[in-house]
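Welcome, and please have your viewer ready. We will go from stop to stop, with something to select at each one.

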Amino acid sequence: MKCGACGSDQAADDVRDFRYVYGDKDVVIPALKGRYCPDCEEILMDGEQADRYGDAVSKLRKEVNSAVVDPEFVASVRVKLGLSQEQAAELFGQPIRAFYRYESAVRPVPVPLVQLLTVLGNHPELVTEIPTVKYPDVPTEDWDSCCTFPRPRP
Ligand SMILES: [Zn+2]
């Protein structure tokens, strides 16, 4: 059967207990029905199966990312500093949607930022001493690939 992603003719419909690894944890999604491609490792699923997969993956990622730092701590320090998510992203040289992602545990918070937020949480008056640094205008994908954890693999 043809793979809709890479065009390989080795894809096959199957039902598998699918193991998803993220960081140092994993989750098994039981009896995941889909078209599995051995060449590109893509799984084509219908809406119901994709929802099961998405829910399990999202839950695991939030669990792993929240272990780095409590997302509510990030939000509380940001609010204490009087910054919107966009303003915080600009001040700390992060992608524009970074604080939304950190505060919803979609992405792990970089350790240096955790350390800086910890200091600023105790001494919010120091926020005025943060210098403005213009970072090179690099594509968002480059930022995303430099996170603490290896890319998720099936
Ligand atoms: Zn494929």
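The tour below starts with the whole chain and then moves to single residues and contacts.

**Before you start**

This is a predicted model, in which local features need pLDDT of at least 70, side-chain atom pairs count only at pLDDT 80 or more, and totals for chains, interfaces and linings use all residues. Residues are numbered from 1 along each chain as its sequence is written.

**Stop 1: the whole chain**

Show the chain as a cartoon. You will find 6 helices and 3 strands; helices (H or I, at least four residues) and strands (E, at least two) are DSSP runs, numbered from the N terminus. Going from the N terminus, the order is β-β-β-α-α-α-α-α-α.

Of the 154 residues in the chain, 18% are buried. A residue is called buried if 20 or more other C-beta atoms lie within 10 Å of its own, exposed if 12 or fewer, and partly exposed in between, with C-beta atoms placed from the backbone. Among contacts between residues at least 6 apart in sequence, 60% join residues at least 24 apart; a contact here means that two C-beta atoms, placed from the backbone, lie within 7 Å.

**Stop 2: the start of the chain**

Select Gly4, in the segment before β1 (12–22). Gly4 counts as exposed because it has 12 C-beta neighbours inside 10 Å.

**Stop 3**

Move to Ala31 in strand β2 (residues 25–36). Ala31 is not a glycine, but its phi is positive, at about 50°. With 10 other C-beta atoms within 10 Å, Ala31 is exposed.

Next, pick Glu41, in the loop between β2 and β3 (43–44). Glu41 also is not a glycine and has a positive phi, of about 65°. It is exposed, having 12 other C-beta atoms within 10 Å.

**Stop 4: the nonpolar cores**

Select Val69, Val74, Val77, Ala88, Ala89, Ala98, Phe99, Tyr102, Val109 and Leu117, the 10 residues of the largest nonpolar core. Such a core is a set of buried Ala, Val, Leu, Ile, Met, Phe, Trp, Tyr and Cys residues joined through C-beta atoms within 7 Å. Two or more residues come from each of α2 (71–80), α3 (85–91) and α4 (98–103), and α4 gives the largest share, 3 residues.

Keep Tyr102 in view: leaving out residues up to four places away in sequence, it touches Pro71, Val74, Arg107 and Val109. A second, separate core has 5 residues, including Cys3, Tyr36, Cys37 and Ile43.

**Stop 5: where α2 meets α5**

Show α2 and α5 together. How do their axes cross? They come within 10 Å and cross at roughly 50°, so the two helices are oblique to each other. (Axes are lines fitted to C-alpha atoms, for helices over the stretch in contact, and angles run from 0 to 180 degrees between N-to-C directions; under 35 degrees counts as roughly parallel, over 145 as roughly antiparallel, 65 to 115 as roughly perpendicular and the rest as oblique.)

To see the contact, select Val74, Val77 and Lys80 of α2 with Leu117, Leu120 and Gly121 of α5.

Finish at Asn122, in helix α5 (residues 111–122). Asn122 is exposed, with 9 other C-beta atoms within 10 Å. Asn122 and Val77 are 45 residues apart in sequence and 9.0 Å apart in space, C-alpha to C-alpha.
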